[in-house]
Amino acid sequence: MALPRSIRDLSERFSSLPGVGPKLSNRIALYLSISNRKLASRLEDSLKDVTAKIRLCDNCFNVTDNESLCEICDDGQRDKSIILVVETPLELYSIEETGEYKGVYHVLHGIISPVNGIGPDEIRIRELLSRLKSDSDIKEIIFGLNPNLEGDSTSLYITNEIKDLDLDIKTTRLAKGIPTGSSIEYMSSQTLSDSLRRRDGVE
Ligand SMILES: [Zn+2]
């Protein structure tokens with residue numbers, strides 16, 4: 001006998017979440033339907049809330065519930081001459097936790113990955129280049145992308161595009177101290193702070 005239809009439907013939705021397999025999704029669906037209905041209704045409210053309020057910042061594409069600019073872009077104390085480029089808002093928040101970085105960001109929402117059919121036009125590279133063209137105060141771009149083949153080729157692609165613009169902008173990346181294959185999201189604040197301070201130029 002299979003689980004009732006509505007629980008199966010719910011479980012199927014959970015199984016499309018990153019890192020959730022069919023066993024865990026069944027368990028969560030059952031837990032919410034029988035054991036913790038209060039949590040189920042809170043989840044319902046939270047999901048409605050995020051889908052209604054969360055949008056992307058007009059400037060850096062970070063997540064925000066503000067009208068046009070996120071809190072970082074809107075903050076007069078941040079150094080607008082340095083932009084740290086990240087793949088997703090998760091890396092942005094890991095770097096914010098270090099308390100070390102006072103510049104602003106640009107969230108690409110992806111990484112160039114030919115095997116997955118993701119080219120430069122699928123992520124927010126054009127938007128970054130437009131920012132650089134329209135704001136002559138920008139002096140440095142730091143790549144905070146994960147140290148793997150896709151991260152490196154994305155940094156290189158953007159660096160070449162910036163060179164073509166012929167602007168006086170330095171491109172750097174987090175120091176090589178970050179082990180290859182590791183992920184910025186899971187790095188300690190100390191390691192991240194160090195790699196920010198000791199950043200290298202992108203050739
Ligand atoms: Zn922003």
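Buried residues make up 38% of the 203 residues in the protein chain, where buried means under 20% relative accessible area, exposed means over 50%, and partly exposed lies in between, with a 1.4 Å probe and protein chains only. This is a predicted model, in which local features need pLDDT of at least 70 and side-chain atom pairs count only at pLDDT 80 or more, while totals for chains, interfaces and linings use all residues. Residues are numbered from 1 along each chain as its sequence is written, and side-chain values use heavy atoms, with hydrogens and water left out.

On to the overall layout. The protein chain has 7 helices and 7 strands; these are DSSP runs numbered from the N terminus, with helices being H or I of at least four residues and strands being E of at least two. Their order along the sequence is α-α-α-β-β-β-α-β-α-β-α-β-α-β. Along the principal axes, the C-alpha atoms fill a box of roughly 65 × 35 × 35 Å. Of the contacts with a separation of 6 or more, 56% are between residues 24 or more positions apart, a contact being heavy atoms within 4.5 Å.

Val20 sits in the loop between helix H1 (5-15) and helix H2 (22-35). Is Val20 buried or exposed? Its relative accessibility is 15%, so Val20 counts as buried. Leaving aside neighbours within four places in sequence, Val20 is in contact with Phe14, Ser15 and Ser25.

Two packed helices are described by the angle between their axes and the distance between the axes. Here the axes are lines fitted to C-alpha atoms, for helices over the stretch in contact, and the angles run from 0 to 180 degrees between N-to-C directions. For H2 and helix H3 (residues 37-53), the axes come within 6 Å and cross at roughly 110°. H2 is therefore roughly perpendicular to H3. On the scale used, angles under 35 degrees are roughly parallel, over 145 roughly antiparallel, 65 to 115 roughly perpendicular, and the rest oblique. From H2, the residues Tyr31, Leu32, Ser33, Ile34 and Ser35 meet Arg37, Leu39, Ala40 and Leu43 of H3. That contact of H2 with H3 divides into 6 nonpolar, 2 polar and 1 charged residues. The classes take Ala, Val, Leu, Ile, Met, Phe, Trp, Tyr, Cys and Pro as nonpolar, Asp, Glu, Lys and Arg as charged, and the others, Gly among them, as polar.

The other helix pair is H4 (residues 89-98) with H7 (residues 189-197), which pack at an angle of about 90° with their axes 9 Å apart. H4 is thus roughly perpendicular to H7. In this case Ser94, Ile95, Glu97 and Thr98 of H4 meet Ser189, Leu192, Ser193 and Leu196 of H7. By class, the contact of H4 with H7 has 3 nonpolar, 4 polar and 1 charged residues.

Now the metal. Which residues coordinate the zinc ion? They are Cys57, Cys60, Cys70 and Cys73, each through SG, at 2.3 Å. Donors are N, O and S atoms within 2.8 Å of the metal, or 3.2 Å for Na, K and Ca; water is not among the atoms, so sites may look incomplete. The angles among the 4 donor atoms are 104 to 114°, and the site is tetrahedral, a label that requires four donors with all angles between 85 and 135 degrees. In sequence, the donor residues follow C-x2-C-x9-C-x2-C.

Most residues other than glycine have a negative phi. Phe61 has a positive phi, near 70°.

Last, the loop between strand E4 (103-107) and helix H5 (125-134), which holds Arg124. With a relative accessible area of 27%, Arg124 is partly exposed. Outside four places in sequence, Arg124 is in contact with Leu56, Phe61, His106, Val107, Leu108 and His109. Arg124 and Leu108 are 16 residues apart in sequence, with a C-alpha to C-alpha distance of 4.6 Å.

His109 lies in the loop between E4 and H5 and has a positive phi of about 60°. His109 is partly exposed, at 32% relative accessible area. Ser113, found in the loop between E4 and H5, is buried at 1% relative accessibility. Not counting residues up to four places away, Ser113 touches Ile118 and Glu150.

Conventions
Tetrahedral: all angles 85-135°; square planar, octahedral: opposite > 155°, others 65-115°.
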